[in-house]
Each structure stands twice: as structure tokens, then as C-alpha cells.
Amino acid sequence: MKALNCLTGAEILLPDFNQINGTLWSTVACDQYTSEPHYWQQVEALVGEAPSTLRLTLPEIYLEESARRIPAIHKAMEEALRSVLQAHPNAMIYLERTQSDGKVRRGLIGAVDLEQYDYQKGSVSLIRATEGTVLERIPPRVAIRRSAPLELPHVMLLIDDPEKTVIEECAAKAHTLSTVYDFDLMLNGGHVTGRLIDEAEQTRIREALAALVTPQAMEARYGSSELAPLLFAVGDGNHSLATAKASFEEIKAQLGAEAAASHPARYALAEIVNLHDPALEFEPIYRALFGADANTLTEELTQWLSTLRGAATPQAITLVTSEGDRALTVETPEQQLTVGTLQVFLDGYLQRHPEVKIDYIHGEASLRRLVAEQNALGFLFDGMTKDQLFRTVIYDGALPRKTFSMGHADDKRFYLECRRIK
């Protein structure tokens with residue numbers, strides 16, 4: 001059964017945290033704080049000359065400096081392989097992440113098989129994207145990965161395990177496992193503890209995962225045993241995982257399928273989290289527009305909303321401006337989710353107004369701060385609930401891009417583990 005081999009152990013590379021400061025080593029996912037340079041300036045000041053994943057990744061706020069930064073990143077990876085990283089063969093890690101709110105999120109680190117992942121629209125693979133993948137964003141990222149000897153994951157995959165048979169069983173045995181890291185994360189990131197999972201427990205994990213997608217399990221949870229099983233739904237890092245897949249397909253085209261089958265790039269490190277973990281909360285990802293006129297936009301949006309003739313439940317959108325909030329009601333939406341309604345309008349608006357730029361913002365406070373400090377407009381709306389995710393992806397396909405975020409920016413996955421990909 002394919003699901004048995006969807007997640008495997010890997011040679012995970014870590015510093016010796018008796019010698020290396022873990023707080024300075026571990027930095028937040030590169031797609032966070034993309035409009036807040038002050039955050040990344042703080043990180044830079046904290047890290048200084050210490051070994052850090054800051055040197056092994058490219059924060060997206062610096063994407064325009066890619067040509068200068070990428071060679072230095074590759075050089076830093078080679079240096080880390082020589083002098084910092086130590087191998088843990090055939091490893092899975094059970095981790096506990098204490099979030100900024102004090103709640104503990106539990107997860108597993110392992111390697112997922114990219115042969116069982118498809119980010120294309122209409123995918124029925126065991127691993128699927130939960131939102132639309134912007135194909136234009138993949139080639140530049142593949143170019144970065146092509147020459148990189150290492151990957152550092154910020155991908156988080158979700159399982160729909162209401163009976164808590166996979167990860168929570170590891171939690172019960174945590175006291176018997178060997179600790180490989182245990183430290184505070186920087187800048188209100190909470191705390192992280194990782195423990196190595198032995199081979200017997202890895203086998204149990206794979207069997208428990210496979211049991212989640214049997215025909216009987218699909219019937220019980222989603223109402224039909226004929227549905228194509230969905231084991232892992234991408235929660236965070238959609239484009240990072242898509243980049244890993246595209247990069248592997250490039251390698252497979254060069255080497256041939258048989259030779260590529262054993263290539264390390266066939267797999268990608270990821271954190272697995274149970275959708276039903278009480279610490280896991282879904283947050284909407286808000287929209288900010290830069291360079292738009294509030295009055296003109298309000299007029300266009302109000303007129304467009306009046307043309308909708310759908311049967312979905314009425315929706316509410318709050319337009320945030322420097323002069324105050326404006327409440328908008330969508331009486332007869334055609335999209336099931338408010339974010340879907342808004343994104344359809346914004347896609348058209350941005351085509352008509354190429355001078356206007358968009359960003360996707362985590363957290364109401366960050367959005368309001370941007371609006372107050374810059375020439376920006378913001379959009380607030382209710383988010384999707386957790387119990388809608390798997391059923392929606394299985395029956396309707398991928399959600400509108402940037403539909404939801406798993407928790408606050410401070411609680412996103414931090415770079416920590418490494419793995420060779422060449």
C-alpha cells in the first residue's frame with residue numbers, strides 16, 4: 001500500500017546544541033514578515049556571526065537581492081556541512097512546539113515521497129496542495145534549489161486523525177525517547193523540543209498513517225469509500241513543496257526514472273501535524289494593497305459585489321483605511337468562502353490597476369500597522385474553520401490561494417533540521 005511508504009525516516013542533519021546556540025541557529029520561515037524589515041533587522045542583530053539558518057535561507061523580503069544573496073547561501077551551506085552539522089541516520093523526530101500563547105503543538109519530522117505528491121489542479125494524489133499553486137513562482141525557486149546541497153523545511157503537512165492514533169501515541173512515549181534539541185526560539189517564537197523516534201515506533205507510525213486512508217476510513221469520515229484517499233494536506237509551505245517536486249521532476253528528466261528513484265531529491269523533509277491538535281488554530285490571511293485609492297476601490301468593489309447572484313451564505317468584509325474602517329456586505333456570494341469572493345475581485349482589480357501591489361498579511365495587528373504606516377489599504381474577513389479543510393479539498397479541489405494560515409506569525413515553523421538533497 002502506497003500510504004505505508006508516504007512518510008519515511010531520513011538522514012537528518014543537526015548541529016551539536018551543546019556547542020551551538022539553538023536560539024540563534026533557528027529562524028522563522030522565510031515567507032513571514034515580508035513587509036516588516038524591522039523584524040529581519042532584529043534577527044540579523046541577534047545572530048551576528050553565530051552559526052544560523054539565517055545564512056542558509058533567503059527571507060522573501062530580500063527576494064530582489066537574490067542574485068547577490070544566493071551564492072553566499074550556497075557557500076554557507078557547504079561550510080555548515082563541513083563544520084556544523086552532524087548526521088542522524090534514518091531519523092524521524094517527535095517534536096513539541098510551545099507556542100507564543102503557551103499551548104503545545106505536537107508534530108513529526110520525516111521525509112515525504114514526492115512521487116506521491118501532485119500540486120496540479122484536480123490532483124488525486126496522497127499528498128495534495130490545499131490552495132492554488134502560482135506556477136510562475138516555482139521556476140525562480142527551483143533555480144535556488146538546483147545548486148543547493150541542503151534543504152531546510154518549513155513545510156507543514158496536516159493529517160485528519162480525529163482519534164489521535166499517530167502523533168499523540170508518540171507523545172505518550174516521549175519520556176523514553178532521546179532528546180536532540182531543547183531550546184527557546186527567538187523573538188517570541190516560543191520553545192521547541194525534539195526527540196528521536198526509534199525504528200519500531202517509525203513502523204507503528206507508518207501503519208497508523210495507512211489506516212487513515214483505507215476505504216473504510218474514507219467512508220466513515222467523508223461519506224464514500226470510492227473517494228481518492230488524501231493522507232497529507234499541505235498546511236504551510238505550499239510553494240516550497242511544489243518547488244521540491246518540480247526540482248525532482250527536473251532531475252528525473254535528466255537521469256531517467258530508474259536512476260532518480262534512489263536520488264535524495266525524491267524526498268522532502270516536512271513536519272506532520274494533526275488537524276485535530278488543540279493547539280493548531282486556523283487564522284485568515286488578510287490582504288493589503290499598496291498604491292490604491294480608497295474611494296475608487298470602494299466604488300469598484302461595491303459595484304462588483306452587487307452583480308453577484310450566488311446562493312452561498314452572506315459574507316462580511318471590512319476595508320481598513322487610514323481614515324477608519326468601512327463595512328461591506330456580500331448579500332449573494334458565489335464563492336463558499338469570503339476570501340474566495342474577495343480574491344476574485346482583487347485579481348481583476350490588479351489587472352486593471354497594474355500600479356497597485358498586493359501582499360498577504362498574517363494577523364490583524366500587522367495589517368492595521370501597515371495601513372497606519374504606509375500608503376496601504378487592508379481587508380479583514382472571517383476565516384475558514386478547520387473541519388472544512390479535508391472535505392473541501394477532497395470534494396472541491398484546492399482552495400483559493402492564501403486562504404488560511406496555521407496560527408500567528410510568531411508560531412510558524414522555524415528552520416532547524418537540514419537534509420542533503422544532492
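I began with what covers the buried residues of helix α4, and the cover includes β8 (150–151), α8 (238–255) and β13 (267–274). A reminder to myself: this is a predicted model.

Next I asked which residues of α4 are buried. In this helix, which spans residues 138–146, they are I138, R141, V142 and R145. I then looked up where they sit around the axis. They cover an arc of only 105°, which puts them on the same side of α4.

Why does R141 count as buried? Its relative accessibility is 18%, and buried means under 20%, so R141 falls within the cut-off. Leaving aside neighbours within four places in sequence, I found R141 in contact with E60, H239, S240 and T243.

Then I moved on to another pair of helices, α7 (residues 215–222) and α13 (residues 389–396). How do α7 and α13 cross? Their axes come within 11 Å and cross at roughly 110°. Angles of 65 to 115 degrees count as roughly perpendicular, and therefore α7 and α13 are roughly perpendicular to each other.

I also noted who meets whom. From α7 come M218, R221 and Y222, and they meet F390, R391, I394 and Y395 in α13. Sorted by class, this contact has five nonpolar residues, two charged ones and no polar ones.

Technical notes
Residues numbered from 1 in each chain as written. Predicted model: local features only at pLDDT ≥ 70, side-chain atom pairs only at ≥ 80, totals over all residues. Heavy atoms only, no water. Axes fitted to C-alpha atoms, helices over the stretch in contact; angles between N-to-C directions. Helix = DSSP H or I, 4+ residues; strand = E, 2+ residues; numbered from the N terminus. Parallel < 35°, antiparallel > 145°, perpendicular 65-115°, else oblique. Contact = heavy atoms within 4.5 Å. Nonpolar A, V, L, I, M, F, W, Y, C, P; charged D, E, K, R; others polar. Buried < 20%, exposed > 50% of the residue type's maximum accessible area, 1.4 Å probe, protein only. Arc of directions from axis to C-beta.
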